[in-house]
Amino acid sequence: MKTPRPMKYDFSRPQRQSLIGILIMSADTLQSSIRALFPIVVVSLFQEKNKYYYVALGLVILVAALVSGYFKYRNFTFLIDEQNREFVVRKGIFSKTRIAIPLNKIQQVNINQNLLQKILKVHALQVDTAGSSKTEVTIKAITERYALVLKERLLLDAPVEEDETGEIVEKKHKPFITISFASLLKTGITSNYIRSFGILLAFFISTWQHLDDFLRLSDTDASFLDEYFNTAFLIRSIAAIITVVLVLTLLVNLGRTVLRFFDFKVTKEDNALLLSHGLINTRNTIIRPEKVQILTVGRNFFQKKFNINDLKIKQASDLEKSNDRSKMQMEIPGVNNAEKDALLLFLLEKMPEKGFEVKPNIRKVIFEIFKYILIPLGLFYGYTKIMPEAGNVIIFVPFYVLFVGILIYFAFRHSRLFITPDFIVRKRGAWDVDNDILMPHKIQSIKLQQFFWQKWSDVGVVKLYTAGGHISFGLANFTQLNRLANYWLYQVETTEKEWM
């Protein structure tokens with residue numbers, strides 16, 4: 001039996017997207033047109049128009065979208081210029097654009113798939129560079145295999161396998177780590193619930209306030225308000241809201257985790273890791289160890305009992321200014337201790353150790369008590385003077401003070417900075433304890449901050465900036481931080497290692 005020949009790709013010649021890309025681009029144009037014309041359509045609905053007017057308008061928009069989608073498909077080509085080491089894209093209908101991206105400037109290539117692309121069995125490939133906060137190029141309709149091989153060619157920049165005609169053949173990935181569905185469930189019920197709880201609680205309180213305002217401004221009899229909107233009813237309502245919010249928080253986190261990280265796989269490809277995950281929108285991202293700037297290992301009490309960790313990886317990028325957090329950092333959820341150690345060893349080349357320890361000053365606790373307890377209570381007290389009925393919730397003030405006080409205590413207890421010649425590890429967090437790992441040769445700049453009232457107590461803050469973000473530590477002994485800053489600058493000046 002004859003063995004089938006591997007799939008071949010030649011990126012040196014101009015390539016077009018899959019023919020089905022006409023529908024993808026037409027759908028994008030149609031969506032943009034509907035958004036732009038929506039105000040006009042709404043206004044016209046209140047005018048006397050013949051029904052054929054709306055049918056004709058819809059047909060015109062649909063035909064225009066199809067024509068636009070065809071020419072966008074026809075004029076969109078891409079290739080890899082091997083001589084100049086560039087990824088070249090040409091696009092445009094009336095105004096033609098040529099984009100040339102040096103291969104060594106490409107920071108990240110993502111393979112995504114939304115619902116429409118999943119139905120049409122195509123993928124979108126996005127190319128990001130370290131010098132921009134937005135996607136440089138998006139190829140919206142190519143097959144999965146083609147996208148994977150093109151992604152490897154753009155990012156790995158390694159010798160590729162060729163056949164007798166000189167065309168590139170597809171590579172196979174080596175399995176490394178697979179996050180099980182059980183691990184995703186554990187992660188979903190044990191992570192991010194504080195943030196989700198706060199968002200949902202704020203939503204319910206806002207909804208309650210609007211309902212209260214509506215009833216008070218309506219013709220509802222005052223005795224009805226006096227009967228139901230009393231202190232006992234308010235306490236029962238708040239307790240019910242908190243219970244509902246807690247349940248919804250678990251459900252929201254669980255659903256979000258499964259949708260985002262479903263079928264999470266980490267595979268090795270040469271000297272890089274390929275991350276693949278997603279239920280509805282499928283994402284593929286490559287991580288190269290030399291581009292990793294900050295690596296964070298985090299877990300809380302329940303995750304420790306379940307033997308799972310969350311890894312967050314920041315690569316060299318200017319995307320810290322972007323609002324898209326998925327571009328700012330990549331996350332590997334639910335890895336056990338053995339998998340975590342394997343990932344750290346691969347990305348950092350050696351296991352980080354906790355060396356010389358730096359502790360924060362007790363003034364850090366005083367400052368946070370003032371910021372998170374005294375100021376909010378002062379504002380609440382002032383609000384009760386304006387709205388006396390707000391004093392009904394004063395019974396919850398002791399619980400707030402106790403809860404925030406516990407968080408401040410544990411945040412201070414966990415706050416540490418560990419220094420070795422090879423690593424800087426910042427430990428932080430009250431409930432979710434994170435360890436931010438940074439190698440000194442990745443440092444781009446150091447900032448020491450001390451306000452004038454902190455000079456007499458000799459405390460301050462140090463911030464270490466990298467190409468993928470920054471970490472800060474304080475309030476701590478400023479003289480000690482100054483010595484450490486000089487030591488790190490000396491390491492940066494004398495090291496032979498590249499920052500990426």
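**Notes on a helix, a sheet and a nonpolar patch**

1. Helices (H or I, at least four residues) and strands (E, at least two) are DSSP runs numbered from the N terminus; axes are lines fitted to C-alpha atoms, for helices over the stretch in contact (heavy atoms within 4.5 Å), with angles from 0 to 180 degrees between N-to-C directions.

2. Please keep in mind that this is a predicted model, in which local features need pLDDT of at least 70, side-chain atom pairs count only at pLDDT 80 or more, and totals for chains, interfaces and linings use all residues. Residues are numbered from 1 along each chain as its sequence is written, and side-chain values use heavy atoms, leaving out hydrogens and water.

3. The seven strands form an open sheet in the order E15-E14-E13-E19-E18-E17-E16, with antiparallel pairing (two strands pair if DSSP finds at least two bridges between them). E15 (330–335) and E16 (356–358) are the edge strands; each has a single partner, so one side of each lacks a neighbour in the sheet.

4. Within this sheet, E17 (residues 416–419) and E18 (residues 424–428) are antiparallel partners joined by four bridges. Phe418 sits opposite Val425 in E18.

5. Now to helix H5 (181–190). Its buried residues (under 20% relative accessible area, 1.4 Å probe, protein chains only) are Ser183, Leu184, Thr187, Gly188 and Thr190. Just after H5, Asn192 has a positive phi of about 65 degrees.

6. Leu279 lies in the loop between E11 (272–277) and E12 (283–287).

How values were computed:
Buried < 20%, exposed > 50% of the residue type's maximum accessible area, 1.4 Å probe, protein only.
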